[in-house]
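This briefing covers a protein model and the ligand placed in it. The sequence and structure come first, then the notes.

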Amino acid sequence: MDLHTIDSVTMPRTRADLADLCATDGLMAGGTWLMSEPQLHLRRIVDLSGMDWPELTITDAGLEIAATCSISSLVAATYPAEWAASSVFRQAAQALLASFKIWQSATVGGNICLGFPAGAMISMASALDAELLIWKADGTDLRCSTNEFVTGMAHTILRPGDVLRSIQLPAAALRQRTVLRKMAMSPLGRSGAVVIGRATPTGILVSVTAATDVPYVIATDSTEPTKVLEQVYSAIPTDAYYSDPHGEAGWRRQVTGVLTRAVVMELAEPRVNA
Ligand SMILES: Cc1cc2nc3c(=O)[nH]c(=O)nc-3n(C[C@H](O)[C@H](O)[C@H](O)COP(=O)(O)OP(=O)(O)OC[C@H]3O[C@@H](n4cnc5c(N)ncnc54)[C@H](O)[C@@H]3O)c2cc1C
């Protein structure tokens, strides 16, 4: 799409180059959303690809994902064998609508910054205890969880000039088994509910996205399906489920329950993460 209000395009190379950003500047990562609809409030595109951040950095502490890392790179990379949870990268990417068409360009950070309920990288990050690093416009750094980052449907804590720099996944979470289940109204449709379960030493951590306006992460103290479901249902207010053409709120709540049970039961099976 031609963005006819844009007067200039710049490509910053350093953090100092990002210092003068304002509300009429549009940060561009993969551009798959930015270029998909009119951006009448924008006058300048700031192309983050020039920052040249290393896409993926594996350390003893875990995995650092640059905000500009493409979803395809995240899926295609090879990870330490003991990182059972790395299988969830592909599963989450496949939960994106029309996933294969946008994987190459769409970035992990761009997906998270949109703050959509069906943001599959939000699902992945919230299930794996991600810590997000934000370069604030005033030059300071802010670290927060995915849940603190997404404040509502398509709303985040980002303010004009703020840049999401990276997503840090701790090694402890990456070593644990995960199971993802998605439900949509049609086979390749937009997700109506995405539930990811992660087996922790004390129970099952359940992440619910797509069904609710913001991500919910519930660290349960059980591995028994009915008890886990009770804790999930009591942690999510009924009015957090929303209605749109891709699903009605009551349906999303019911589906969340079905998927939670399925996830817990699969995690109980003694087999390697698929
Ligand atoms: C066919 C199709 C299907 C899609 N399906 C889905 C879907 O199922 N779920 C979903 O959530 N989205 C979906 N999208 C929307 C979008 O393509 C994805 O969310 C994608 O991951 C966005 O990443 P991007 O790198 O292209 O972001 P961009 O389009 O470059 O940016 C998206 C927004 O984030 C901001 N931004 C990007 N990077 C940063 C950063 N580092 N710091 C601060 N702000 C930043 C941009 O300014 C912009 O406002 C779909 C799009 C298409 C075309």
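How far is an oxygen atom of the ligand from a polar backbone atom of Gly-31? The distance is 2.8 Å. The model is predicted: local features need pLDDT of at least 70, side-chain atom pairs count only at pLDDT 80 or more, and totals for chains, interfaces and linings use all residues. Residues are numbered from 1 along each chain as its sequence is written, and side-chain values use heavy atoms, with hydrogens and water left out.

**Polar contacts**
- A polar contact here is a pair of N or O atoms within 3.5 Å.
- A backbone N or O atom of Trp-33 lies 2.9 Å from an oxygen atom of the ligand.
- In the side chain of Thr-107, an N or O atom is 2.6 Å from a ligand oxygen atom.

**Shell around the ligand**
- The shell has 29 residues, each with a heavy atom within 4 Å of the ligand.
- Leu-27, Gly-30, Gly-31, Thr-32 and Thr-107 come nearest.
- By class, 20 shell residues are nonpolar, seven polar and two charged, with Gly counted as polar.
- Strand S2 (25-28), helix H4 (108-114) and strand S10 (163-170) each supply at least two shell residues; helices are DSSP runs of H or I with at least four residues, and strands are runs of E with at least two.
- H4 gives the largest share, four residues.

**Domains**
- The domain assignment, automatic or from a database, gives domain 1 (8-50), domain 2 (51-172) and domain 3 (177-268).
- The ligand lies between domain 1 and domain 2, because both give residues to its shell.
- The centres of domain 1 and domain 3, taken over C-alpha atoms, are separated by 35 Å.

Terms used
Polar contact = N/O pair within 3.5 Å; in protein donor to acceptor, adjacent residues only side chain to side chain.
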